Amino acid sequence: MTLIKIAAVSLNTTPLDFSGNLKSIKSSLESEEIIDSDYVLFPELAISGYGCEDAFYKESVWKRSWTSLLEILPYSKDKTILVGLPVFHSSYLYNCIAVLHAGEVICLVPKMNLANTGIHYEKRWFHSPSGFISESFIPPNHSFANQKSIPFGHFILEKNGILSAVEICEDSWNLNRPSQYYAENGIDVLFSPGASHFAMGKREIRKRIFQETSRIQRNLTVFTNLCGNESGRAIYEGGSLFCENGNVSKEGPRLFFSTYQITTYGSSLSELRSLRAKEFRNSHPNGNHKKIPIFRLTSLNKDSSTSNFILDMREKEKRKESDYKAPVTVYDDFTRAVSLGLYDYLRKSKTKGFTLSLSGGADSAICALLVNSMKELAKEESGNSIFSELGIHEENLLVTLYQKTENNSTLTEKIASLLSREIGNKHYQISIDSSVSNAVELIESQIGKKLNWETDDLALQNIQARVRSPLIWLLANTNGHLLLSTSNRSEGSVGYTTMDGDSSGSLCPIAGVSKEFLLCFLDDIQEGNNAYISPKESIGILRQTKPTAELRPLVTEQEDEKDLMPYPILQEIERLLVYVGLDEAECLERILEKDNSLSKDTVSNQIERFVRLFKVSQWKRERLPPSFHLDEYGLDPKTSLRYPILSGEF
């Protein structure tokens, strides 16, 4: 019987926080859960942080990463540790995993397939080898004369008769996977350290990838991941995986608020080897498969108790029952991801809380609910004193302001006030009519005419939003707060936002999702389905109203969907044209196929309107506050969608 115990550590790292990241790594290695593990796997670029961006070019980043690595070495005297860092080798920068064993750096494994789609731009910073390599690396901070070289390349590790290998994150998602060659060389364990960001629905894709890897290669596949809002925009979800025989044997915690989480798993490789002998087939009929160099790691003479293993296998059977919970809904995932994103943004930016212009509409209400959810989850996971430990007064964590004009209804004023009472945040109400009038009169005095709604509709709408901006900023500044912006992706796609007005803010937590999704999110809460947010009387009232900017006189009965188009149609057009990449004619065909009750002329006009608005609104998207990546695609020009500010056809 061949026994093995592996620990997968999921970390909340911060780019360039070498001392903080090292402290978390050391703390996890000192935990009781890891003491008797044979292998410990950390995420990709765990030492430096994944999101260093152009700071990766700095020599100090590589050297400080290496210095941190040397401090981890002593923990490998009785186990094998795999941890990620950037390595500068032969004029190129590589994304590597260092293998530590018996107090030495055994080898460095470079990532072969670099992530360069969606929000990832790894090819800007890193070099990828064109194939399997076996070279030598001279460490920094040492003279060539007294420092032995370290193997650099792709290897199979042999330890106590167990064969293992490493493929890094994107390597596992790519058609040309290193592991297919490792499998033909007989590996028992595949380690896949990652920095795999959160997106709704991505968890299931990730699980399928590693389940299928374990089935077709007949190995134990181990994945671990970063967790948390690492550098501002991307949220990582943790969720370590141990997969065997096409099944998830164990899944680690996801979207947790602590610094790290450890997931351990014990297994007998005898069953996997038996199945491999029975079912594995060579993918090269001529028998010519790539030979990968093997490193033999010295035996550490650890005791392996059969009785302990039998107990562990019994626990494993219990885990199959207890670990598999009913799948969370997409709305629960959204709630937890944004809550974690807000929490990390708050503590890493070292600010004191959030200020929000609460309008009585859906978007600002959702932002308020998510901040409150963040507060409750952080206290639940980190203790009731967590905010005082961070130097934050909990009663001042969220401050909201309703800025009324003559165009606001008493209903939205009521909703804003009621919601703030329901979640218990500090709330203020002011009238800004005199400020709006003063601004309008100043311009009228210069241009020599009176502005009116018939000829100056847009200007008169926008000035209200722009007058609100300095006031809410002033309130945020007095509290040392971040100002939350409330735009969603649908508004961003068509520019339905006032620059330097409601677009103002330090962070826009919901800009990565559509208005259609957000309205369904509120309905899910009111149906009592959300695991973290209970139904609210204010939201019930809100959902009886139509979304409106409330910038025109009340008698006009302004509605967003009258100004634009129905939000479900807007979302479908946006997805097909922007994400899927269809042209307008095929977009029209797809929408009519999906719903033949729609008018062809109406949908055609809506597509034409969307295209026109999308093209002229790129300059607005360039200036929106940072936002979280939450869905399968986004419009953030710095991470998701690069589009020309000036363009001809769509």
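**Entry 1: a nonpolar patch**

I began with I443, and I found its place in helix α14, which covers residues 433–447. I noted that the model I am reading is a predicted one. I443 has a relative accessible area of 46%, and I wrote it down as partly exposed because this value falls between the 20% limit for buried and the 50% limit for exposed. I then looked up what I443 belongs to on the surface, and found that L442, I443 and I447 form a nonpolar patch there, with about 300 Å² of accessible area together.

**Entry 2: the positions annotated as active site**

Next I turned to the UniProt record, where an unreviewed entry lists E44, K111 and C169 under "active site". These residues span 126 residues in sequence, yet no two of their C-alpha atoms are more than 9.6 Å apart, so I recorded them as gathering at one spot.

I looked up K111 and found that it lies in the loop between β5 (104–110) and α4 (122–125). Is K111 buried or exposed? Its relative accessibility is 1%, so K111 counts as buried. Leaving aside neighbours within four places in sequence, I found K111 in contact with a list of residues that includes E44, N95, H127, S128 and C169.

C169 has its place in the loop between β9 and α5, and with 10% relative accessibility C169 also counts as buried. With neighbours within four places in sequence left aside again, C169 is in contact with E44 and K111, and also with S192, P193, G194, A195 and S196. I therefore noted that the contacts of C169 include both of the other annotated positions, E44 and K111.

**Entry 3: the positions annotated as binding site**

I went back to the UniProt record for the annotation "binding site", which comes from an unreviewed entry and covers N462, E491 and K620.

E491 is found in helix α16, residues 489–494, and its relative accessible area of 8% makes E491 buried. Beyond its neighbours within four places in sequence, E491 is in contact with D363, T486, Y496, K515 and Y567.

K620 is found in helix α23, residues 618–623, and at 17% relative accessibility K620 counts as buried, because the limit is under 20%. Not counting residues up to four places away in sequence, K620 touches G495, T497 and M499.

**Entry 4: salt bridges**

How many salt bridges does a search of the whole structure find? The search finds 38 salt bridges, and I followed some of them by hand.

I took R177 and E167 to start with, whose side chains meet in a salt bridge at 2.4 Å, N to O. R177 lies in the loop between α5 (170–173) and α6 (179–184), while E167 lies in the loop between β9 (162–166) and α5, so the pair ties together parts that are ten residues apart in sequence. Both R177 and E167 are buried.

I then looked at E279, which forms a salt bridge with R218, the closest N and O atoms being 2.3 Å apart. This pair links distant parts of the chain, with E279 in helix α8 (residues 269–279) and R218 in the loop between α7 (202–217) and β11 (220–224), 61 residues apart. E279 is partly exposed, with a relative accessible area of 38%, whereas R218 is buried, with a relative accessible area of 11%.

The side chains of R623 and D500 also meet in a salt bridge, at 2.8 Å, N to O. R623 lies in helix α23 and D500 in the loop between α16 and α17 (515–526), so this pair ties together parts that are 123 residues apart in sequence. R623 counts as partly exposed at 44% relative accessibility, and D500 counts as partly exposed at 42%. I also noted that salt bridges which share partners join R203, E204, K207 and E251 into one network.

**Entry 5: R336**

At 13% relative accessibility, R336 counts as buried. Which backbone oxygen lies 2.9 Å from a polar atom of the side chain of R336? I found that this oxygen belongs to L255. Leaving aside neighbours within four places in sequence, R336 is in contact with R254, L255, F256 and F257, and also with L377, E381 and Y532.

Technical notes:
Residues are numbered from 1 along each chain as its sequence is written. This is a predicted model: local features need pLDDT of at least 70, side-chain atom pairs count only at pLDDT 80 or more; totals for chains, interfaces and linings use all residues. Side-chain values use heavy atoms; hydrogens and water are left out. Buried means under 20% relative accessible area, exposed over 50%, partly exposed in between (1.4 Å probe, protein chains only). A polar contact is a pair of N or O atoms within 3.5 Å; within protein, one must be able to donate a hydrogen and the other to accept it, and residues adjacent in sequence count only if both atoms are side-chain atoms. Contact means heavy atoms within 4.5 Å. UniProt positions are given in the numbering used here, feature names are shortened, and annotations may be inferred rather than shown by experiment. Helices (H or I, at least four residues) and strands (E, at least two) are DSSP runs, numbered from the N terminus. Patches are made of residues with over 30% relative accessible area and no salt bridge: like charges are joined within 9 Å, nonpolar side chains (Val, Leu, Ile, Met, Phe, Trp, Tyr) within 5 Å. Accessible areas come from the Shrake-Rupley method with a 1.4 Å probe; for residues, only the protein chains shown count as cover. A salt bridge is a side-chain nitrogen of Lys or Arg within 4 Å of a carboxyl oxygen of Asp or Glu.
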